[in-house]
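Dear colleague,

I am handing over the structure below, and my notes on it follow. Please read them with the model open beside you.

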Amino acid sequence: MAKVFIYPATSLILSDLVARFGHKPLGAALGIRERIQTAGVDSPPLQITPEEPKRGLKYAAVEVPSGVRGRMAIYGPLLEEAEAAVIVTDADLAFGCMGCARTDELILFTLRQSGIPILELKYPTNEEEGVQFVAAVRKFLAGLEKEGEA
Amino acid sequence: MSRKVRIAQLSCGPEYSGVQKEIYEAAESVDAEVFFPDIALADVERAVDAFGLDVRSADLKLMIARGKALVEGKVDADGVFIGTCFRCAEAAIVRNELRRYIHEHSRLPVVSYSFTERTTSGTLLTRMEALTTIARRRALLAREEQTGITMGVDSGSSTTKAVVMKDNEIVGTGWHPTTEVIKSAESAVADALEMAGLTREDIQAIGTTGYGRFLIGKHLGADLIQEELTVNSKGAVYLAGHQRGASTVIDIGGMDNKAISVLDGIPGTFTMGGICAGASGRFLEMTAKRLGVDITELGPLAMKGMGKNVPMNSYCIVFGTQSLVNALAAGSSREDVAAAACHSVAEQVFEQQLQEIDIKEPVIMVGGTSLIEGLVYAMGQLLQTEIVVPPHSQYIGAVGSALLASGFIKGE
């Protein structure tokens, strides 16, 4: 089983696909769950405090907007943990949108720089592309298993 | 108990910057509630297409769709708070265009703000208070004449001003530097009463504004304690004799600046606070001190100088002062340095704040800095318009308070 970062990180479908094929999806749900379950932190709605943008300095400089740094405090540790990634580009909002385009750019850059196996797919626009999309994800994830076994 | 004022939040990033809690707190403290307009997913792309601004960020798309829903009347709100991360260029474009769009297509008061993770509820309080005042007190803000005998006290960061008004006339004024807040207010009040030939017992209603409004208001038993955005707008159009129609009010204060787009005496959109002290009255105070003149002499001195002769284009009070010292050391005249300082402040207000509101004539400058004619001249040059400085412009907050307080005279 590999830890697979999914992009968009908020995509439940992608998260489910990765889990179905036997791997651990690293997405927004995981990062945010940790914050909303942490006792004693009370900043709604994500339990994020002004400390998070400071922690985000590890991933982006102080010139970068606070919202980007706050988001990177959530996604950064997941990126560090990731052993593989599935990236879906041009995704529809309903597929799982990410709030900030600048954070998205930084996440994708970090993933591409990391050297981990990455599958990049374009968001499917019809049924045929949808079938090919799922097949490609399945094949990629199955390959990870082999690597893990080896 | 009155209904809570509903403020629609259009934003990108405050949850992740850790300042959402501060926004809620600021709203709560003025008995308002912040809510996110509820829209369907399908509306988002449609709204973004119709708006015509092709942004990448999903949260900015959501902001646009929510703004459109407000304008189209699909969601009810009493005011709009637009907030995005400071330093995000894409968000700055959306914030500005959305504010303009809502202002032009609805009657909703709008305030926009770019936040950092260090933004506190205290910083947002005055803005939220102004939004709720406009929603809750339209009838009061419609007041065009002062009646009876009322007093207004403006406890600002630099100076405390008091004004006594009687039957629509200013009959007494007082002006003291703000040191100890209550003591300074007492002194200003005593001077104003003495000049008016009246006693505290003669005053039928009191209004307070400015940073020390709550403390002073409690101390004096004020009938009206009101933030300076609405009070200054009202005071400005009243003193300028332009209570109807559109106008723009600029108040460069000791600690922050206000730029307000006013319609019929009611603020429509406004910005408050610059990025730095280099764009404030404090910088002019420092300049006067360094030049060895009283602040009242800085304006006439600047009018004799040529600002272009001195390089001074700093976004920071420290570097601004450095430019000033360097210029003097290099042999520049005091007149030229004074003119350059005035131009620098005007330019920064123009670049940082006036871009965020729609400039509509007449442009009325108020507050203590409006007496610095070099600053008024520089602003007029930048805006390419004649700036109106009404009589008693330095007492603007106190006059606005005294005017509005007359709505609280018993029996009215």
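At what angle do helix α4 (residues 66-81) of chain A and helix α6 (residues 101-114) of chain A pack, and how far apart are their axes? They pack at an angle of about 25 degrees, with the axes 10 Å apart, where axes are lines fitted to C-alpha atoms, for helices over the stretch in contact, and angles run from 0 to 180 degrees between N-to-C directions. That makes α4(A) roughly parallel to α6(A), a term used for angles under 35 degrees.

A word on conventions before the rest: this is a predicted model, in which local features need pLDDT of at least 70 and side-chain atom pairs count only at pLDDT 80 or more, while totals for chains, interfaces and linings use all residues. Residues are numbered from 1 along each chain as its sequence is written, chains are lettered from A and ligands numbered from 1 in the order in which they are written, and side-chain values use heavy atoms, with hydrogens and water left out. Helices (H or I, at least four residues) and strands (E, at least two) are DSSP runs, numbered from the N terminus.

In the helix pair, V68(A), R71(A), M72(A), Y75(A) and L79(A) of α4(A) meet R102(A), T103(A), L106(A), I107(A), T110(A) and L111(A) of α6(A), contact being heavy atoms within 4.5 Å.

α4(A) also lies across β1 and β2 of chain A, and runs at about 135 degrees to β1(A). These strands belong to an open sheet of 4 strands with the order β2-β1-β3-β4 (chain A) and parallel pairing, where two strands pair if DSSP finds at least two bridges between them. Its edge strands are β2 (24-26) and β4 (118-122) of chain A. Within the sheet, β1 (residues 3-7) and β3 (residues 84-89) of chain A pair over 4 bridges, and I6(A) stands opposite V86(A).

In chain B, strand β6 (residues 159-166) has 7 of its 8 residues buried, that is, under 20% relative accessible area (1.4 Å probe, protein chains only). β6(B) runs antiparallel to β5 (residues 149-155) of chain B, to which 7 bridges join it, and antiparallel to β7 (residues 169-177) of chain B, with 8 bridges. V163(B) stands opposite G152(B) and opposite T173(B) in β7(B). The hairpin of β5(B) and β6(B) has 3 residues between the strands, whereas that of β6(B) and β7(B) has 2, with D167(B) in the turn at a positive phi of about 45 degrees.

Best regards

Terms used: Parallel < 35°, antiparallel > 145°, perpendicular 65-115°, else oblique. Buried < 20%, exposed > 50% of the residue type's maximum accessible area, 1.4 Å probe, protein only.
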